[in-house]
Amino acid sequence: MKKQIRKIAIATLVGAVLASASWAQSALIDGTVTKVDAAASKITIKHGPIKKLDMDEGMTMVFTAKDKSLLDKVKAGDKVKFDADNVNGQFIVTAIEKAK
Ligand SMILES: [Cu+2]
């Protein structure tokens, strides 16, 4: 009986993780890359409003890549979907992919 309960608990946990992962994907921000400075781990992105970062209007701004390798996938002119966080006042791109 205990084993059964553990199985259900694990299944619920896996379900929750999958659900949050797909939610995160749909919450990606649309943008257009205007400049990539791989050496400095910086990327300039033109984007629309980003509520979670308190940006009520679209703008073009410089982000720092969380990981340099994120910038390998994109170049100036690309339409992208990305995620970003405010870490101590610095805006960090945590994920980026070319928009389809
Ligand atoms: Cu902005």
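The following is a conversation about the predicted model shown above.

Biologist: What should I know before reading it?
Modeller: Residues are numbered from 1 along each chain as its sequence is written. This is a predicted model, in which local features need pLDDT of at least 70 and side-chain atom pairs count only at pLDDT 80 or more, while totals for chains, interfaces and linings use all residues.

Biologist: How many helices and strands does the protein chain have?
Modeller: The protein chain has one helix and five strands, in the order α-β-β-β-β-β from the N terminus. Helices (H or I, at least four residues) and strands (E, at least two) are DSSP runs, numbered from the N terminus.

Biologist: What do the five strands form?
Modeller: A closed barrel with mixed pairing, running β1-β2-β3-β5-β4. The twist from one strand to the next averages 55°; axes are lines fitted to C-alpha atoms, for helices over the stretch in contact, and angles run from 0 to 180 degrees between N-to-C directions. Two strands pair if DSSP finds at least two bridges between them.

Biologist: How many bridges join β2 to β3?
Modeller: Six, and the two strands run antiparallel. T44 has V62 in β3 as its bridge partner.

Biologist: Changing topic, which residues of the largest nonpolar core touch the most other members?
Modeller: V33, I43, L71, V74, F82, V93 and I96, out of 16 residues in that core. The elements giving two or more residues to this core are β1 (29-37), β2 (42-47), β3 (59-65), β4 (79-87) and β5 (90-98). A nonpolar core is a set of buried Ala, Val, Leu, Ile, Met, Phe, Trp, Tyr and Cys residues joined through C-beta atoms within 7 Å. Buried means that 20 or more other C-beta atoms lie within 10 Å of a residue's own, exposed means 12 or fewer, and partly exposed is in between, with C-beta atoms placed from the backbone.

Biologist: And what does I43 touch?
Modeller: Not counting residues up to four places away in sequence, I43 touches V33, V36, F63, A65, L71 and V93. Contact requires C-beta atoms, placed from the backbone, within 7 Å.

Biologist: Where is N88, and is N88 buried or exposed?
Modeller: N88 lies in the loop between β4 and β5. N88 counts as exposed because there are 5 C-beta neighbours inside 10 Å. Its phi is positive, about 50°, although N88 is not a glycine. Most residues other than glycine have a negative phi.

Biologist: What about S41?
Modeller: S41 is in the loop between β1 and β2, also with a positive phi, near 60°. S41 counts as partly exposed, because there are 18 C-beta neighbours inside 10 Å.

Definitions and conventions: Two residues are in contact if their C-beta atoms, placed from the backbone, lie within 7 Å.
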